[in-house]
Amino acid sequence: MRRLPDASLRGRAITVDLEGESIPAIEGEPVACSLVAAGEPMLARSVKYHRPRGPYCFAAACSQCLMRVDGLPNVYTCRTPARDGMKLERQNAYPSAKVDVFETIDWFFPNGLDHHEMFAGVPVAETVMAKVARQLAGLGLLPKDAAPASPPSRTLRTRVAVVGAGAAGLAAARELTGRGIPFLMFEREDHVGGRLAHGAPEADAPAIDDVATLARDSVVTRATALGLYDDEHGRYLAVGARENGEARLLKVYAERFLLTPGGHPPMVPFENNDLPGVYAGRAASLLLRRHAVAPERAALVGWGQELQGLARLLEEHGVKVQVVVDLKGAPGTGAHPTTVEGSEPKAHGLRHVSAFSFTPRQGGRRKVDCDAVLVSVPVTPSFELARQGGAKVSFEASRGLFRVEASAEGRTDAADVFVAGDVTGGGSAKEAAEAGRRAAQALVEGLS
């Protein structure tokens, strides 16, 4: 990954401190983005086997970008804005992440290590082994200073609480605004639009609504929905938000809850899929569209409509697309010229991706040079919040995912919980927007 040579700076140029070394960055962009753009893709070592780890999803869903930031351990650097002079440290390594003596565990035990059975029944050795295993599997070190006191929670009341400002959430917000229904919409990113803003472009996708055209003060960004709970005052949405630079808990009481949190990028199982340099397709499009960071040569693997859209996006910005491997079908009309149907993908490299190999449907094993492997597959629905609120979740075996069961109008088994978009199983951005509009119309009918 590197910054595109013709890209203009999207913020103030600063530096961050990576274990004593000054790294160039752009103020406000994710720290993980700054590091991979500066040629530092390895952010940590894995627990137990101490394998190199780099960011994968850029959605705080994989934990591969956790670092110690200004003395605080286990910080998602894909969500943390870069600040001038901030101190970054890699975790789970001794004496350093680049030269980690515990990396030898992976060499000595190529078939895996079960520390629960090693020296089992040998009194002294069993105790020592358990202690060593705990140290190897620990996730970072405790902070040196006590955590500052948390500010008191703040209570908000509204008619409708909306989670997610992607295609579905924005369409619902537009419908509610037009009907004069008070609502609050919470988006964990610092911008609205979801995949409309940072995904692979879709030909029939709706435009991103200008928040100024929605109800005044109805959209809250950098706010993460934590859960749905009940108390003596009714049901409320717990939200972690940033107010005046401080993290604050918001208790949002509402008559209806519309959940459009989308989904998160899953990982496809293949050899060395945990190497730094393997990224989710949506992570790659976010880095390119929001921060002008992209690989020089990329290999794409996966299936679904976003795979080809990502290939076109990369090529439009000067990225050499070495191959597009579709794991579930033959290339269709309009597919990228390098697209092939294949299987058995594998990433190659010692501490970072340097090549990618696969087996075409016809022909022998092929291998291409690249500096990034991009895994583009349909997202996994973020169903957890809806299930906590009483919605029914079922497993769809044909696609291998859990999704929220809902009617065409977004109704769930919980009378006050409505859903729309990827959380119900995915689809195009246009379909998500239409589902969000229908859900907003349906939930208005039951308001007091």
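**Helices, strands and a cavity: how the terms apply**

Me: What makes one say that the buried residues of α9 pack against other elements, and which elements are these?
Reply: The buried residues of α9 pack against β10 (160–163), α4 (167–179), α5, β16 (256–259) and β29 (417–419), where contact means heavy atoms within 4.5 Å. This is a predicted model, in which local features need pLDDT of at least 70 and side-chain atom pairs count only at pLDDT 80 or more, while totals for chains, interfaces and linings use all residues. Residues are numbered from 1 along each chain as its sequence is written, and side-chain values use heavy atoms, with hydrogens and water left out.

Me: Which residues of α9 are called buried?
Reply: The term requires under 20% relative accessible area, whereas exposed means over 50% and partly exposed lies in between (1.4 Å probe, protein chains only). In α9 the buried residues are Ala429, Ala432, Ala433, Ala435, Gly436, Ala439, Ala440, Ala442, Leu443 and Val444.

Me: What makes β9 and β13 edge strands?
Reply: Two strands pair if DSSP finds at least two bridges between them. Four strands form an open sheet of mixed pairing in the order β9-β15-β14-β13, and β9 (154–157) and β13 (223–231) are its edge strands, as each pairs on one side only. The twist from one strand to the next averages 30 degrees, using axes that are lines fitted to C-alpha atoms and angles that run from 0 to 180 degrees between N-to-C directions.

Me: How do you know that β13 and β14 pair?
Reply: Eight bridges join β13 to β14 (234–243) in the antiparallel sense, and Asp230 stands opposite Arg235 in β14.

Me: In which sense does β2 pair with β8, and over how many bridges?
Reply: β2 and β8 (87–89) pair in the parallel sense over two bridges, with Leu18 opposite Leu88 in β8. Between β2 (13–18) and β3 (21–26), by contrast, there are six bridges and the strands run antiparallel; these two form a hairpin with two residues between them, and Glu19 in the turn has a positive phi of about 50 degrees.

Me: What makes a space count as a cavity, and which residues line the largest cavity?
Reply: On a 1 Å grid over the protein atoms alone, a cavity is a set of points where a 1.4 Å probe fits but cannot get out, and lining residues have an atom within 4 Å of a point. The search of the whole structure finds three cavities of 30 Å³ or more. The largest cavity is lined by Ala167, Leu170, Ala171, Arg174, Leu196, Pro206, Ala207, Asp209 and Ala433, and α4 gives the most to this lining, with four residues.

Methods:
1 Å grid on protein atoms, 1.4 Å probe; cavity = no way out; pocket = protein on both sides within 12 Å on 5 of 7 lines; lining within 4 Å. Points joined across faces, edges and corners; volume = space filled by probe spheres on them.
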